[in-house]
Amino acid sequence: MSTEDPESYPPIGFFGPARFVLRLTAMFALLGVCLTLHGGYRLVRQPSPWPPRFLYGIAWILNIRIATEGVRLKEDVFYVANHLSWIDIPIIGGVTRSAFVAKAEIRKWPITGWLATLNHTVFVSRGDRLGVARQVEELKEAIAEHQPVTIFPEGTTTDGTSLLPFKPSLFAVLAPPPRGIRVQPILLDFQGTGPEVGWIGTEGALHYTWRVMCRRAVIPVRMVFLSPFDPAHCNGRKEIAATAREQIRQALSASLGGRAVL
């Protein structure tokens, strides 16, 4: 994982702070509209489409432009993706209406933690080995309701030019798999901007958010839906993790012009 000096990132520029204020204002306006409409759906006990629409709106406000490739499964699916930063969540959530597995610290973040809870996020603690069984049960409940679920099994972030080993613990929800569930790997390809927009090294959350929201340039993302597979055909969670990783590894290598990815 890179430990790049924050000063080496692209400069924020003279108008960066103005972009930050405008984007923050737009986000709060979008939040107000989506919460009002979400509340209306909840009152009549109907499934609300507004949490994923809010996430997609956040991605658009951040000047993220998403192009999708491949055929996306829409339900009874367990997505597995590579991970660059928290902006992966509005990208994937906005397109797939997926719930997420996220690190426990995010639950305590102002506004973000509350919004993550609204989107049925399952929070996991890296140090809570005794809590893995509970986390797996929460995932099973989400899957049983046909809610798409996304995990980032690297456990941390990269700059998009490498792929870390996958942690197999949360794949335990698929061993044995619920009936009808399939795993679909996803490659997030930031088309060369990963080293600029990845949240890597020792950079703090506030500094990262500041520079992303001040950024002028477009953040282009190819969201590649790879071939889904039946986890029942794998011999346990480690093989499921390895199968998903190999698909993403090959797709990442191709996106880098054939450069080897271990």
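Let us start with R249 and E246, whose side chains form a salt bridge in this predicted model. The N to O distance is 2.8 Å. Both residues belong to helix α8, which spans residues 237–255, and because they lie 3 residues apart there, about one helical turn separates them.

How many salt bridges does a search of the whole structure find? The search returns 5, and I shall discuss two further examples.

One of them joins R222 to E69, with 2.9 Å from N to O. Here the partners come from distant parts of the chain, 153 residues apart. R222 sits in strand β7, residues 219–225, while E69 sits in strand β1, residues 64–69. With a relative accessible area of 33%, E69 is partly exposed.

The other example is the salt bridge between the side chains of E203 and R211, at 2.7 Å from N to O. Are these two residues buried or exposed? Both E203 and R211 are buried, which means that each has under 20% relative accessible area.

To summarise, the salt bridge of R249 and E246 lies within helix α8, that of R222 and E69 links strands β7 and β1, and that of E203 and R211 involves two buried residues.

How values were computed. Residues numbered from 1 in each chain as written. Predicted model: local features only at pLDDT ≥ 70, side-chain atom pairs only at ≥ 80, totals over all residues. Heavy atoms only, no water. Salt bridge = Lys/Arg side-chain N within 4 Å of Asp/Glu carboxyl O. Helix = DSSP H or I, 4+ residues; strand = E, 2+ residues; numbered from the N terminus. Buried < 20%, exposed > 50% of the residue type's maximum accessible area, 1.4 Å probe, protein only.
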